[in-house]
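Thanks, everyone. Let me put the model up, and then I'll walk through a few local features.

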Amino acid sequence: MINWFQIGMMTCATPMVLLWIFLYAKYRNVFHAYIDNLSPDEYKMPELFFIGMGFMNQIHYNLHSRKGRARIKEISEVKGKKYAEYYYYVIKGATFTYILTLLPFVLVLGALSDNGMMLVVGLCLAVLVVRYLEKDINDKLEERREELMLDLPQVLSKMALLINSGMVMREAWVKVSQTGERALYQEMRTTSSEMANGASDLEAFRNFADRCSVKSIRKVTSTLVQNMQKGNKELSYFLEEMSREMWEEKKNLVRQKGETAGTKLLIPVGMIFVGILILIIVPIFINGF
């Protein structure tokens with residue numbers, strides 16, 4: 001009897017296997033400069049990423065679409081503007097590599113086992129591996145933005161104190177930037193370097209807001225530039241007001257993180273509770289009450 005399921009799976013798998021072999025043969029020595037320095041801890045199977053990169057080359061994949069530019073901008077917050085496009089290219093290459101490698105493998109495995117469940121499990125695995133790449137960057141991006149928000153109130157308080165003592169805006173900015181090593185202080189030092197190298201205050205602060213890309217920091221930076229022309233008195237008052245507002249936002253953020261952590265704890269607690277119930281109830285049924 002003809003097994004149409006197996007025939008269908010092999011029919012789908014064959015061109016994908018041939019495509020994989022073609023890409024392997026053509027591009028195995030082409031993309032070493034892109035993948036040799038990738039960490040195996042951060043990326044799984046980086047030595048095969050030339051498969052996906054070769055496929056992107058074949059289809060002339062556009063990295064600078066609207067979605068691509070937005071993603072590159074997000075990655076620049078984590079990896080830096082200089083390397084953002086490179087890492088976006090690596091992530092897309094990894095994504096295509098996983099798809100082109102796992103799909104034919106799953107189809108062949110499903111056909112050989114004559115089991116549709118194997119196909120479903122394999123497809124779910126492929127989706128999870130691809131999603132992992134995006135989630136990793138998203139988690140780092142969220143962690144960085146939270147760190148910026150947590151440090152912002154203290155930075156504003158320090159600047160208000162220094163400007164109240166008679167220090168001009170630029171000097172206060174440089175002084176505060178040297179009081180910490182976390183992301184916000186590093187971005188402030190970068191801004192100081194830009195201004196020292198001849199960039200205008202407006203341009204330097206605009207770049208600072210773009211690198212941080214947090215709504216509250218954009219608001220602070222925009223108002224900061226507007227108030228710089230009004231003298232230290234107006235600027236100090238603005239910084240004190242923004243500092244109080246940011247402290248409230250920080251409290252809310254910490255409260256939300258605490259609530260989220262509490263919700264996550266419910267899952268393992270629930271699993272432990274179910275396990276205890278099983279340990280109690282099963283012996284009762286086995287012994288016939």
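Start with the aromatic pairs. This is a predicted model, and a search through the whole structure turns up 13 of them. Take Tyr27 and Phe31. Their ring centres are 5.8 Å apart and their planes meet at 35°, so this pair is tilted. Why tilted, and not stacked or edge-to-face? Stacked needs planes under 30 degrees apart, and edge-to-face needs over 60, so 35° falls in the remaining class.

Are these two residues buried or exposed? Tyr27 is buried, with a relative accessible area of 4%. Phe31 is buried as well, at 7%.

Next pair: Tyr61 and Phe96. This one is edge-to-face, with 5.5 Å from centre to centre and 75° between the planes. Where do the two partners sit? Tyr61 is in the loop between α3 (49-59) and α4 (66-79). Phe96 is in helix α5, residues 84-113. The partners are 35 residues apart in sequence, so the pair ties those parts together. Cover is another point to look at. Tyr61 is partly exposed at 30% relative accessible area. Phe96 has 17%, and because the cut-off for buried is under 20%, Phe96 counts as buried.

Val17, Leu18 and Ile21 make a nonpolar patch of about 250 Å². Look at Val17 in particular. Val17 lies in helix α1, residues 4-27. Its relative accessibility is 30%, so Val17 counts as partly exposed.

Last stop: Thr191. You'll find Thr191 in helix α8, which covers residues 183-196. How accessible is Thr191? Its relative accessible area is 0%, so Thr191 is buried.

What does Thr191 touch, leaving aside its neighbours within four places in sequence? The contacts are Trp173, Ala204, Phe205, Phe208 and Arg211. Trp173 comes 18 residues away along the chain. The C-alpha atoms of Thr191 and Trp173 are 9.1 Å apart, yet the two residues are in contact.

Key. Residues numbered from 1 in each chain as written. Predicted model: local features only at pLDDT ≥ 70, side-chain atom pairs only at ≥ 80, totals over all residues. Heavy atoms only, no water. Helix = DSSP H or I, 4+ residues; strand = E, 2+ residues; numbered from the N terminus. Buried < 20%, exposed > 50% of the residue type's maximum accessible area, 1.4 Å probe, protein only. Contact = heavy atoms within 4.5 Å. Patch = residues over 30% accessible without salt bridge, like charges linked within 9 Å, V, L, I, M, F, W, Y side chains within 5 Å. Areas by Shrake-Rupley, 256 points an atom, 1.4 Å probe, with all protein chains shown as cover. Salt bridge = Lys/Arg side-chain N within 4 Å of Asp/Glu carboxyl O. Phe/Tyr/Trp six-rings, centres within 6.5 Å; stacked < 30°, edge-to-face > 60°.
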